[in-house]
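Grab your viewer and work through the exercises below. Each one sets a task and then walks through a solution.

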Amino acid sequence: METHISCLFPELLAMIFGYLDVRDKGRAAQVCTAWRDAAYHKSVWRGVEAKLHLRRANPSLFPSLQARGIRRVQILSLRRSLSYVIQGMANIESLNLSGCYNLTDNGLGHAFVQEISSLRALNLSLCKQITDSSLGRIAQYLKGLEVLELGGCSNITNTGLLLIAWGLQRLKSLNLRSCRHLSDVGIGHLAGMTRSAAEGCLGLEQLTLQDCQKLTDLSLKHISRGLTGLRLLNLSFCGGISDAGLLHLSHMGSLRSLNLRSCDNISDTGIMHLAMGSLRLSGLDVSFCDKVGDQSLAYIAQGLDGLKSLSLCSCHISDDGINRMVRQMHGLRTLNIGQCVRITDKGLELIAEHLSQLTGIDLYGCTRITKRGLERITQLPCLKVLNLGLWQMTDSEKVSIFDVLATLKRMVRKRYQRKWKEERMVDGYSLDRGGQEVPKRRPLLAKRTFMHPQASKIVQRHYGCKARVTMEFEHS
């Protein structure tokens, strides 16, 4: 007795369709009535975000989305009123308007005219015409909002933050990247420092203040006092932050990730404050803080030895600092030391000896490493990501670049099933050396790519075309 797929119960078809990507789900629904009914089951579309171009009226669009249980919508282009979306999606849960440059306060005001209790996430990133007026509407009608993205909304001011602090007490994540008018006063509103006017967003867990140039150490004082549940804080490119401000953050026991990238006034003293406090950080980024040096690594080893990810790109660190740090940082998974030009093979040998759990390392621009150091670092058993951009090779090493890659191949052969190829890209197709099209393969469980500035020239000389040489292997 033969069994055809049409004999399956709708529930089983729905389970199968649930594994398809969004486009294939839609195609399956067009096969026949039975498949359409199964494909429209809400379990098939759970968690799917509909991506829409709103150019002309389509009366069947939103009823179709609601029938499938889709509650997350991204608007790719908005040529109709936003109220058209809000009225059509009564139970909308997430609305992404990122990059809708033509969205104005007037358009948003017409859309939010009554409470929308179901909406949990709103993304207005790069909606540059949005001002504090829109935030007033949001605070009034979106009381249940938990995620608000305002990155690049450069017209937002401290008044807008006061409105957020007044109306959005359930907010857990707030992105204020490049909101250049914000100052310490606005952060005080969020942290509940002006209780007479607003309670504040005291439940915040993630706060991004990247490139808010007017912020000073006073903002960090407000954050440490009012936002005690904060787990992620991004202060990158905040030039007004100094070592004194980090003293306030050093006692935030809930903080897990701190980004201080390109904070020019941060030095070894600030890292000392962090290390001597009660922090339990798992991620720290002090890349491009040119006052951070080897002494900071000693402090990190003493007080921040629970870090899983550490970024020190372009910091003034050397092999001596690496030696101080690695002996206490056995749990480190990711280490970014790109453009640390004082790192040599000795530093890589120390890393390979002590950081056995490392899965990724960035050595971009480390011009003093050689083949010897590279061989040691590739012996790490868990390594999956290795960035070697701008690795400077001697003339003899240029000749033997393929010998280097062959050495790497031999070192991993015992642990991995080897997949080695030299490929070239022609009109978007991947061709092997014989000119035959290489079929697409399933994603690798682990992949490493080794790149050098001279690689394309060398391969072009060998094979007569622009090329990339990659070594790909996966767990056996």
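**Exercise 1. Serine 314: find where it sits, how accessible it is, and what its backbone does.**

Solution. Remember as you go that this is a predicted model. Start with accessibility: serine 314 has a relative accessible area of 23%, so it counts as partly exposed, given that buried means under 20% and exposed means over 50%. Next, the location: serine 314 is in the loop between β11 and α14. Last, the backbone: phi at serine 314 is positive, about 65°, although the residue is not a glycine. For context, most residues other than glycine have a negative phi.

**Exercise 2. Work out how α12 and α13 are oriented, then list who makes the contact.**

Solution. Two numbers describe a packed helix pair: the angle between the axes and the distance between them.

- Step 1, geometry: α12 and α13 pack at about 5°, with axes 8 Å apart.
- Step 2, orientation: that angle makes α12 roughly parallel to α13, because angles under 35 degrees count as roughly parallel.
- Step 3, residues: α12 brings Asp268, Ile271, Met272, Ala275 and Met276, while α13 brings Gln295, Ser296, Tyr299, Ile300, Gln302 and Gly303.
- Step 4, classes: the contact of α12 with α13 has six nonpolar residues, four polar and one charged.

**Exercise 3. Is α13 mostly covered or mostly open, and what covers its buried residues?**

Solution. Helix α13 spans residues 294–303, and seven of its ten residues are buried, so the helix is mostly covered. The buried residues of α13 are Asp294, Ser296, Leu297, Ala298, Tyr299, Ile300 and Ala301. Their cover includes α12 (268–276), β10 (283–285), β11 (309–311) and α14.

**Exercise 4. Take α14 and α15 and run the packing analysis again.**

Solution. Helix α14 covers residues 319–326 and helix α15 residues 345–354; they pack at about 10°, with their axes 8 Å apart. That makes α14 roughly parallel to α15. On the α14 side the contact uses Asp319, Ile322, Asn323 and Val326, and on the α15 side Lys346, Gly347, Leu350, Ile351 and His354. Sorted by class, the contact of α14 with α15 has four nonpolar, three polar and two charged residues.

**Exercise 5. Which residues of α10 are buried, and which elements do they pack against?**

Solution. Helix α10 takes in residues 217–226 and is mostly covered, with seven of its ten residues buried. The buried residues of α10 are Asp217, Ser219, Leu220, His222, Ile223, Ser224 and Gly226. They pack against α9 (184–190), β7 (206–208), β8 (232–234) and α11 (243–249).

**Exercise 6. Look at residues 10–46: what does the record say, and what does the model show?**

Solution. UniProt lists residues 10–46 as "domain: F-box", in an unreviewed entry. In the model, that stretch is 59% helix and 0% strand, with its end C-alpha atoms 17 Å apart. Leucine 12 is in helix α1 (residues 10–17), and its relative accessibility of 39% makes leucine 12 partly exposed. Leucine 12 and alanine 38 are 26 residues apart in sequence, and 8.5 Å apart from C-alpha to C-alpha.

**Exercise 7. Zoom out and describe the whole chain.**

Solution. Count elements first: the protein chain has 19 helices and 18 strands. Then burial: 50% of the 476 residues are buried. For contacts between residues at least 6 apart in sequence, 73% join residues at least 24 apart. Finally, the chain exposes about 22700 Å², and carbon and sulfur atoms supply 49% of that area.

Notes
Residues numbered from 1 in each chain as written. Predicted model: local features only at pLDDT ≥ 70, side-chain atom pairs only at ≥ 80, totals over all residues. Heavy atoms only, no water. Buried < 20%, exposed > 50% of the residue type's maximum accessible area, 1.4 Å probe, protein only. Helix = DSSP H or I, 4+ residues; strand = E, 2+ residues; numbered from the N terminus. Contact = heavy atoms within 4.5 Å. Axes fitted to C-alpha atoms, helices over the stretch in contact; angles between N-to-C directions. Parallel < 35°, antiparallel > 145°, perpendicular 65-115°, else oblique. Nonpolar A, V, L, I, M, F, W, Y, C, P; charged D, E, K, R; others polar. Areas by Shrake-Rupley, 256 points an atom, 1.4 Å probe, with all protein chains shown as cover. UniProt positions renumbered as here; feature names shortened; annotations may be inferred.
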